[in-house]
Amino acid sequence: MDTPLFEFLFVIGIVLAFYGYSAMKNPNVWGDQGRDEIKPENWNGYVVHNGQFMMYAGFFLAALAALDVIFDFAGWLYILILLGGLAMIFYPLAHWMHEKRQCGPGRSIKEK
C-alpha cells in the first residue's frame with residue numbers, strides 16, 4: 001500500500017475540487033487567465049465551465065486515489081486509459097457517420 005502517494009493524490013484532488021468550486025461560485029477567483037481570447041460577455045460562462053471541469057477532475061483524482069488504496073488499481077487504470085484513447089480515435093468516425101445518416105430514430109426519408 002503506497003500511503004504517501006495516496007495522500008499526495010488525495011490532497012491534490014481535494015484542492016482542485018475546492019478551487020474549481022470556488023471559481024464556479026466567484027469568477028474573480030480565476031483571475032485573468034485567457035481573458036484576452038474570450039469576449040467579455042462570455043467571460044463568466046467560460047470561467048464557470050472551467051471551474052466545473054477543475055472540480056470534477058479533482059473529485060475524480062481523489063476517488064482514484066481512494067480506490068487505489070482499496071484495490072490494486074494500476075492495471076485497471078491502464079486499461080481505462082487505453083479504452084479512452086480508442087474512443088478518442090474513433091470519435092471522428094462516429095461523428096461523420098452521424099452526420100451522413102439519412103434516416104433513423106427521429107428522422108424519416110422525405111418522399112418526392
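Trainee: What pattern does the protein follow along the sequence, and what makes a stretch count as a helix?

Mentor: Read along the sequence, the pattern is α-α-α. Helices are DSSP runs of H or I with at least four residues, strands are runs of E with at least two, and both are numbered from the N terminus. By that rule the protein has three helices and zero strands. This is a predicted model, in which local features need pLDDT of at least 70 and side-chain atom pairs count only at pLDDT 80 or more, while totals for chains, interfaces and linings use all residues. Residues are numbered from 1 along each chain as its sequence is written, and side-chain values use heavy atoms, with hydrogens and water left out.

Trainee: Why is W76 called exposed?

Mentor: W76, in helix α3 (residues 74-100), has a relative accessible area of 58%. Exposed means over 50%, buried means under 20%, and partly exposed lies in between (1.4 Å probe, protein chains only). W76 is therefore exposed.

Trainee: Why is I14 called partly exposed?

Mentor: The relative accessible area of I14 is 38%, and I14 belongs to helix α1 (residues 3-25). That value falls between the 20% and 50% limits, so I14 is partly exposed.

Trainee: What does I14 touch, leaving out residues up to four places away in sequence?

Mentor: I14 touches G58 and A62; contact means heavy atoms within 4.5 Å. Both G58 and A62 are among the buried residues of α2.

Trainee: How do you know that the span of α2 agrees with its 28 residues?

Mentor: The expected span of a helix is 1.5 Å times one less than its number of residues. For the 28 residues of α2 this should give 40 Å, and the end C-alpha atoms are 41 Å apart, so the two agree.

Trainee: What makes up the largest nonpolar core?

Mentor: The five residues are A23, W30, W43, V47 and M54. A nonpolar core is a set of buried Ala, Val, Leu, Ile, Met, Phe, Trp, Tyr and Cys residues joined through side-chain atoms within 4.5 Å. Helix α2 (residues 43-70) gives the most to this core, with three residues. Leaving aside neighbours within four places in sequence, V47 is in contact with A23, P27 and W30.

Trainee: How much of the protein counts as buried?

Mentor: Of the 112 residues, 16% count as buried.
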